[in-house]
Amino acid sequence: MKPISEMSMEELAAYVCSALEAEGIETVLSGGCCVELYSRGDYTSDDIDLVDRFNGGHRRIKAVMERLGFREYEMKRYFVHDETPYFIEFPRGPLGVGDAPVREIAQRELCTGTLRLLTPTDCVKDRLAAYFYWDDRQALAQAAWVAQMNEVDFSELEQWAHQEKMMQKYRDFLQRIS
């Protein structure tokens, strides 16, 4: 196994995701790290957001993270390790984008384990939700990068935006990527 100090962000995410999975805690990568992977580095992140799909409990996550050499940092949501600059955050589940649950999970096999992550379409939804509800213009740019560099389901995106009652902002997104 590769030392943590030599792991890329994606490898570290897979390593932690697999260790948690072995203990019955299913996590899915979302947020900025997911954008970084799908944008092929056009966006960079310094944290790894792993959402506990079924809210398995902070105590169980903490025990696994401590076995991996991580320690809690600030407000019990973040974990740091002396051998990596990346910190790991566990946003509260359940996993969803806007008001919609996530139904399909993408998967990547790496030398450090199996990484479960949002699909490109759900990654776009995740970023658009930040734009829709908090007017986050950076999130709009991230959604555009992911959509331009990956195969996404635009009919699903449009249906989702309609359900979120955000069609005007969805049109802003479409203008940005055309």
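Leaving aside its neighbours within four places in sequence, which residues is V16 in contact with? In this predicted model, the partners of V16 are L50, M65, L68, F70, I88 and F90.

The largest nonpolar core has 59 residues, and V16, L29, L128 and F173 are the members that touch the most others. Helix α1, which spans residues 9-22, gives the most to this core, with nine residues.

Seven aromatic pairs turn up when the whole structure is searched. In one of them, the planes of F132 and Y133 meet at 75° with the ring centres 6.5 Å apart, so this pair is edge-to-face. F132 is buried, at a relative accessible area of 3%, whereas Y133 is partly exposed, at 37%.

F132 also pairs with W160, and here the arrangement is stacked, with 5.2 Å from centre to centre and 20° between the planes. Both F132 and W160 are buried. Because F132 belongs to helix α4 (residues 120-134) and W160 to helix α6 (residues 154-163), their pairing ties together parts that lie 28 residues apart in sequence.

The picture widens with Y131, which ring pairs link with F132, Y133 and W160 into a cluster.

Note on methods
Residues numbered from 1 in each chain as written. Predicted model: local features only at pLDDT ≥ 70, side-chain atom pairs only at ≥ 80, totals over all residues. Heavy atoms only, no water. Phe/Tyr/Trp six-rings, centres within 6.5 Å; stacked < 30°, edge-to-face > 60°. Buried < 20%, exposed > 50% of the residue type's maximum accessible area, 1.4 Å probe, protein only. Helix = DSSP H or I, 4+ residues; strand = E, 2+ residues; numbered from the N terminus. Core = buried A, V, L, I, M, F, W, Y, C linked by side-chain atoms within 4.5 Å. Contact = heavy atoms within 4.5 Å.
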